[in-house]
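Here is a structure to read slowly. One part will get a close look.

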Amino acid sequence: MSCSQKYVTRFQASILFIPLDGFLLDLLIPVAANDVAFSTHAVLLTAFTLFQIAIYDRGNQKVSKICIAIVSVAWLAAAVFVFIALPSHSWLLLVSCFNTLQVVMTTIKYIPQAVMNFRRKSTIGFSIGNILLDLLGGVASYGQMAVQSIDQNSWVNFYGNIGKTLLSFVSIFFDLLFIVQHYVLYPAKKTALSPDPDTVSQEPFLKSSECPDKERF
C-alpha cells in the first residue's frame, strides 16, 4: 500500500503543480487540491503504520519474499521511468507511468486477502469495518467526479485523471467481493453466549430441593 499511495501522490501533485503549457492548454485540470490532500494524508498514515511495525513486537511475523520481490520490482520500474523521462523532460509521461504503477500495486494489495478468505472458507479475524469505509470512500470519489463533470460540462475528470478512476473502480470491486465473502459466502456462525462468570460463582452447587437433608442454621 505504501508504494501505491506514494505513486498516486506524485501523480496528483504533479498534475496540479507542474507547468502544463503545451500539454493541457485550454483544458480543465482534472486534479483538485483535495485529491492531493487525500493522497498526502494516506502516505503519512501508511508511514506511521510502518513505523509502528518497526518499533512494536511482531512475534515471528516477517515480510514474505514475494512481497519483497514485488516492492523491489515496483521501485526498479519507477527508477526506469525516471531515467527515461528525465532527458526529454517528459513529465506527463513520467507521472502517467507512476499512475499506472499505483493502480497495479493497489490491485496486488487486495488479492492475497481475497485468496486467503477463499482458501479458509472463512473471514473470521478479518476487519470488515475498514472495507465498508473503503467502499464509502470509493463511491464518494466517483460521486465527486460526477458532480464536477456535471458542473463543468466535461468528462475530463474521469478520463483526464484515469488513475483516480481506476483506483476507485479497483477498490469498489474488491470491497464488494470482501462484503460478499463476509456476509454471504462465509458468514460467521453464531455461538451460544457463555454465562457470566460472576453470576455462576454466586449460584449454589446444589439447590435446596436437590438436597433435602441439608442442615439449616
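What follows is one request and one connected answer.

Q: Please look closely at helix α5 (residues 128–152). Which residues is Ser141 in contact with, leaving aside its neighbours within four places in sequence?

A: Start with how to read it. The model is predicted, so local features need pLDDT of at least 70 and side-chain atom pairs count only at pLDDT 80 or more, while totals for chains, interfaces and linings use all residues. Residues are numbered from 1 along each chain as its sequence is written, and side-chain values use heavy atoms, leaving out hydrogens and water. Helices are DSSP runs (H or I, at least four residues), numbered from the N terminus.

Ser141 sits in α5. Its relative accessible area is 12%, so Ser141 is buried. Buried means under 20%, exposed means over 50%, and partly exposed lies in between (1.4 Å probe, protein chains only). Beyond four places in sequence, Ser141 is in contact with Lys164 and Ser168. Contact means heavy atoms within 4.5 Å.

Next, the largest nonpolar core. A nonpolar core is a set of buried Ala, Val, Leu, Ile, Met, Phe, Trp, Tyr and Cys residues joined through side-chain atoms within 4.5 Å. This one has twelve residues, including Ile128, Ile131, Leu135 and Tyr110. The largest share, five residues, comes from α7. In soluble globular proteins, nonpolar side chains tend to be buried together. Tyr110, a core member, is in contact with Asp134, Val170, Ser171, Phe174, Asp175 and Phe178, its neighbours within four places in sequence left aside.

Now the surface. Leu132 is also in α5. Its relative accessible area is 38%, so Leu132 counts as partly exposed.

Last, the loops on either side. Lys121 lies in the loop between α4 and α5. Lys121 is not a glycine, yet has a positive phi of about 55°. With 47% relative accessibility, Lys121 is partly exposed. Asn153 lies in the loop between α5 and α6 (156–159). Its phi is also positive, near 55°, in a residue other than glycine. At 71% relative accessibility, Asn153 is exposed.

Terms used. Helices (H or I, at least four residues) and strands (E, at least two) are DSSP runs, numbered from the N terminus.
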